[in-house]
Structures are given as structure tokens and as C-alpha cells.
Amino acid sequence: NAEFIELTNIGAETINLNLVRFTEAVQFIFPDLQLAPGQYVLLVKDRGAFDAYYPECSAVIAGEYEGSLDNAGERIRIEDAIGRTILDFEYKDGWYDVTDGDGYSLTIINPSDPDANNWGLKDAWRPSALFGGSPGYDDTGIVPNPGSVVINEVLAHSHGGAADWIELHNTTGAPISIGGWFLSDSDQDDLSIMKYRIADGTTIEPNGYIVFYEDQHFGSGSPDLSGAPFALSENGDKVVLTSAVGDVLTGYRDVEDFDASETDVSFGRYRKSGGTYNFVPLSFKTPGSANAYPMVGPIVINEIMYNPDPLPDSSYDNDDFEYIELHNISDVPVTLYDAISGEPWKFTDGIEFSFPTDSPVTVPAGGYLLIVKNPEAFAQRWQAIPASRLVGIGPYEGRLDNSGEKVEIGKPGDVDQFGTRYYIRVDRVNYSDGSHPVGEDLWPSQADGGGKSLTRKVPQEYGNDVVNWKAADPSPGAANP
């Protein structure tokens with residue numbers, strides 16, 4: 001009930017809001033109200049609840065709106081007195097975790113942006129600097145804009161007596177002070193966030209890097225002995241960076257989750273073709289400098305037939321013709337079995353399939369392996385292909401989602417104190433049918449029942465990026481066309 005919407009006059013002259021109205025998300029018609037240049041006006045859900053939550057707010061309140069703002073995100077539309085659009089955009093709850101129930105408001109970064117379309121973009125918004133938002137005033141400059149300081153690389157499985165570490169990166173051209181900010185491995189609540197307090201006076205230079213080590217920093221406690229030491233798990237963990245002023249948390253937050261890792265292999269940010277980032281294993285460690293290229297191979301997901309076209313006069317369903325092709329891009333054979341643990345490789349997402357243990361599968365150097373939904377259906381569909389090419393196993397449980405999903409293959413990692421086996425990611429592809437984008441990435445649609453398969457363009461390059469995939473004629477067991 002303490003919800004609010006804030007408007008401001010970005011013009012040079014006083015304007016009258018009479019009959020300006022909200023027509024989507026909430027319903028409200030402004031009374032005869034003058035708004036001076038730079039002045040703020042608020043609409044509230046419940047005046048009594050708002051006054052109790054913000055007892056010192058002196059902003060002009062135009063009134064109470066009907067309806068409620070959807071916590072999942074929704075469309076907001078504002079019209080002038082004769083029905084012309086002022087703003088029409090959609091906000092989303094997934095933009096920033098701290099604005100989705102953690103007590104921070106969504107705040108437009110540039111209210112004077114001349115392009116009204118930008119109001120519907122995540123990058124045009126930021127969390128408020130302070131808990132509760134800033135109704136009636138401008139909180140610009142208290143914290144950097146989102147993405148200014150990022151968790152850039154993490155080593156969670158160091159070798160021998162070496163220390164784990166966390167690298168931060170200033171992505172801007174200006175120095176950023178992070179003194180008094182916090183690092184943690186949890187964001188369950190404010191107390192769990194405030195584990196390692198970064199020393200006062202700490203600054204990251206323009207486009208610079210800073211590394212915090214477990215044995216010197218976060219594993220031994222904060223310089224002022226506040227908070228609690230923490231360590232990173234080789235079985236997967238998270239790193240949380242949070243801004244603060246004194247002992248008060250503010251609205252800058254960066255979080256990176258990562259999976260189980262091999263010894264001495266770091267995870268780092270990789271910028272994909274669409275401008276989004278993945279946090280992935282890197283080909284080599286780069287503490288204090290730009291990240292290396294992602295680790296690729298030795299086994300990669302090379303082709304995905306997720307929605308085959310119908311086969312005339314067949315008794316099988318379309319799903320029975322699904323398959324996933326793996327490719328060994330290395331120059332040595334790779335056995336999909338770990339002799340030390342006695343555990344096989346398996347698919348950890350997308351389908352349910354573990355490779356055999358009684359007769360472990362080895363993919364020869366440069367070779368291919370097919371994992372098929374239904375071996376009999378597959379043999380009927382691809383009977384024109386020489387049997388020597390069709391080195392395949394199956395069936396697998398489940399089915400590939402025709403709208404798109406994450407497909408991931410992993411190899412055995414460590415076991416935790418509860419006996420749970422963790423798997424180290426070998427390759428991952430989060431594909432789409434083209435009409436359900438993965439973020440902003442539009443995948444080719446011809447593989448969605450049109451007789452094509454998703455095929456990897458360059459096996460040696462990073463796979464979880466739409467730029468490295470195309471729709472092409474199926475080529476099970478052979479190099480992609």
C-alpha cells in the first residue's frame with residue numbers, strides 16, 4: 001500500500017496537468033495542478049500508508065490511483081488531456097532483484113531522454129540509491145549506474161596452497177570509490193550481505209581492476225573486524241557486491257552465480273554478440289587484467305534437432321526423431337567417464353541421460369557422437385546415411401522443448417559433505433525457436449519444425465551465443481554444412 005509513482009517536469013516552463021491520465025497499470029486523472037520546472041509530483045496507492053512509510057516526505061501528492069502496480073511488471077501508459085501518448089512502456093520485475101521486493105524503487109537514469117522508447121529498456125533504469133526510493137527528490141550520484149563496477153572474474157578452486165580470489169572491474173572512464181562496500185557469498189538478507197567490508201579509501205581506476213584474495217581479504221575478515229569471513233566453494237557458489245555508506249546499504253548490487261569448477265580454472269564475464277554477458281569458465285586466469293576467451297571443448301554440443309518435421313507414413317511421433325550431436329574438437333580421444341570417481345558424464349539440463357558405465361563411450365579425436373530420443377525411429381528416419389557415421393546411443397528421457405531451453409553436458413566433479421555429486425559444465429547452449437528470444441538474442445526459426453536443425457557454425461568458438469548457430473540441413477554424425 002506504500003506504492004508510489006513519481007513524475008517530474010523536465011521542461012523550462014510550468015505545465016498544467018489537468019486531465020492528464022494513467023490508462024494502463026493504474027487508473028488516475030490529474031486535477032487542475034501546476035507543475036513547475038524541475039518539480040516532482042507523486043501518485044500514491046494509499047495516502048495513509050504512504051504517509052506512515054514516508055513521514056518526512058514533503059513532495060506534492062496529486063492523489064490516490066486505482067489499482068496496483070504489478071510486482072511481475074506491466075505496461076504503463078500516460079496520456080494528455082486529449083488522448084495523445086506521453087509515455088507508453090513496460091517495466092519488468094527481472095530487471096533488478098533489489099527493486100523486486102527488496103525495498104528499492106525503479107528510477108529512470110535520464111528523465112530528459114528525448115527517445116520515449118527507452119523507458120521500456122532495462123538499461124534506462126536503475127535501482128534507487130537508498131532503501132525506500134527517493135519520493136520527491138533526486139538521488140543521482142549517490143551510487144554509480146548499474147554495470148559500472150562488475151564482478152569480472154572469480155577463482156573458487158585454487159591449486160594447492162594458493163588462495164581463491166575475486167576480481168572487480170570498473171567499466172567506466174572515471175575512477176569509482178568502493179570504500180565501505182561489501183563482498184559476500186550470500187544475499188539472503190542484509191546481515192548476510194555485509195560480510196567483508198572493503199577498506200575505506202579503496203578506488204578502482206578508470207577501466208581498471210582490483211583483486212581481493214581469500215587469505216588476505218575476505219577469508220580473514222574485514223579490516224575493521226566487522227562482518228564474517230567467507231570462502232568460495234569449488235562445487236558452485238555466488239559472489240555479491242553491494243554498495244554502502246557507513247553501515248547503511250545502498251542500491252548498487254552486482255551478483256554472479258557460478259557452477260562447479262575444475263582446479264585452477266576461473267569463471268569470468270564474457271560479452272556475447274547481443275551485448276549480454278555470460279559468466280563462464282575461462283581458457284586461462286587473468287587476475288588484474290582483461291578476461292581470456294572462454295574455455296571451449298574438448299566436447300561440444302554441435303547440432304540440435306529439437307523439433308523435426310513430420311516423416312510421411314511413419315508410426316512415430318515427431319519427438320521420436322530428436323537428437324543431439326556431440327563433437328570432439330580435440331586431437332585426442334575423450335572418454336565420457338571418470339575412472340577415479342567411477343561416474344559417467346551426463347546431461348545436466350535439457351534431457352535426462354547419463355552415459356554408460358559398464359562400457360564407457362569414447363569419442364575419437366575429431367569424432368562425433370549422437371544422443372537420440374528413439375533409436376528405432378532415428379534409424380528409420382536416417383536410413384540413407386551410412387551406418388559408419390551413425391555412432392549413437394539412447395534413448396534419453398524427456399524431450400527437447402520446441403520453444404527453446406538450456407541444454408548442458410557435464411562431467412563428474414567433487415562430492416560435498418552430504419554425499420552430493422556435483423558436475424562440471426563441459427558445454428551449454430540456451431537455444432530458442434526464434435519466437436521466444438533468450439534475452440535479446442533472436443535464434444533462427446527454420447529449425448522449429450521446418451526440416452532444419454540448429455547447427456554450430458564454428459565448433460572451436462563459444463557455443464552459448466546465437467551468433468555461432470544457424471539453421472541448416474541435418475547432418476547427423478558428420479561435419480555441419
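Student: Which residues gather in a patch of negative charge on the surface?
Tutor: This is a predicted model. In it, Asp97, Asp100, Asp102, Asp189 and Asp190 make up such a patch.

Student: Where does Asp97 lie?
Tutor: In a loop. Asp97 falls between β9 (85-92) and β10 (106-108).

Student: Asp97, buried or exposed?
Tutor: Exposed. Its relative accessibility is 58%, and the cut-off for exposed is over 50%.

Student: Let's zoom out. How many helices and strands does the chain have?
Tutor: Three helices and 36 strands. The C-alpha atoms fill a box of roughly 80 × 60 × 40 Å along the principal axes.

Student: How many residues of the chain are there, and what percentage count as buried?
Tutor: There are 481 residues, and 47% of them count as buried. The accessible surface of the chain is about 22000 Å². Carbon and sulfur atoms hold 48% of that surface.

Student: What about contacts in the chain between residues 24 or more positions apart?
Tutor: They account for 59% of the contacts with a separation of 6 or more.

Student: Back to charge. How many positive and negative side chains does the chain have?
Tutor: The chain carries 31 positive and 75 negative side chains. The centres of the two sets lie 4 Å apart.

Student: Which residue forms a salt bridge with Arg77?
Tutor: Glu79. The closest N and O atoms are 2.8 Å apart. Arg77 is buried, at a relative accessible area of 15%. Glu79 is buried too, with a relative accessible area of 15%.

Student: And what does Asp80 meet in a salt bridge?
Tutor: Arg84, at 2.7 Å from N to O. Asp80 counts as buried, at 14% relative accessibility. Arg84 counts as exposed, at 53%.

Student: What about Arg126 and its salt bridge?
Tutor: Arg126 pairs with Asp139, and their closest N and O atoms are 2.5 Å apart. The pair links distant parts of the chain, 13 residues apart. Arg126 sits in strand β11 (residues 125-127), while Asp139 is in the loop between β11 and β12 (149-155).

Student: Are those two buried or exposed?
Tutor: Buried. Arg126 has a relative accessible area of 4%. For Asp139 the value is 3%.

Student: Which residues do salt bridges with shared partners join into one network?
Tutor: Glu24, Arg75, Arg77, Glu79 and Asp88.

Student: New topic. Where is Ile78 found?
Tutor: In strand β8 (residues 73-79). Ile78 is buried, with a relative accessible area of 6%.

Student: What does Ile78 touch, not counting residues up to four places away in sequence?
Tutor: Its contacts are Leu7, Val20, Arg21, Phe22, Arg84, Thr85, Ile86 and Leu87. Arg84 is also the salt-bridge partner of Asp80.

Student: What separates Ile78 and Pro175?
Tutor: Their C-alpha atoms are 38 Å apart, and they are 97 residues apart along the chain.

Student: Where is the place of Val211?
Tutor: Val211 is in strand β18 (residues 209-213). It counts as buried, at 16% relative accessibility.

Student: And which residues does Val211 touch, leaving out those up to four places away in sequence?
Tutor: Trp165, Ile166, Glu167, His217, Pro287 and Gly288.

Student: On to the backbone. Which residues does a cis peptide bond join, with omega about 10 degrees?
Tutor: Gly297 and Pro298. Most peptide bonds are trans. Pro298 has its place in the loop between β22 (277-281) and β23 (299-305).

Student: What about the bond from Gly394 to Pro395?
Tutor: That bond is cis, and its omega is near 5 degrees. Pro395 is in the loop between β32 (392-393) and β33 (406-415).

Student: What is phi of Leu19?
Tutor: Positive, at about 70 degrees, although Leu19 is not a glycine. Most residues other than glycine have a negative phi. Leu19 is in the loop between β2 (15-16) and β3 (21-24). At 38% relative accessibility, Leu19 counts as partly exposed.

Student: And phi of Asp313?
Tutor: Near 60 degrees, a positive value. Asp313 lies in the loop between β23 and β24 (323-328). Asp313 counts as exposed, at 85% relative accessibility.

Definitions and conventions
Residues numbered from 1 in each chain as written. Heavy atoms only, no water. Patch = residues over 30% accessible without salt bridge, like charges linked within 9 Å, V, L, I, M, F, W, Y side chains within 5 Å. Areas by Shrake-Rupley, 256 points an atom, 1.4 Å probe, with all protein chains shown as cover. Salt bridge = Lys/Arg side-chain N within 4 Å of Asp/Glu carboxyl O. Lys, Arg positive; Asp, Glu negative; His and termini not counted. Charge placed at Lys NZ, Arg CZ, Asp CG, Glu CD. Helix = DSSP H or I, 4+ residues; strand = E, 2+ residues; numbered from the N terminus. Buried < 20%, exposed > 50% of the residue type's maximum accessible area, 1.4 Å probe, protein only. Contact = heavy atoms within 4.5 Å.
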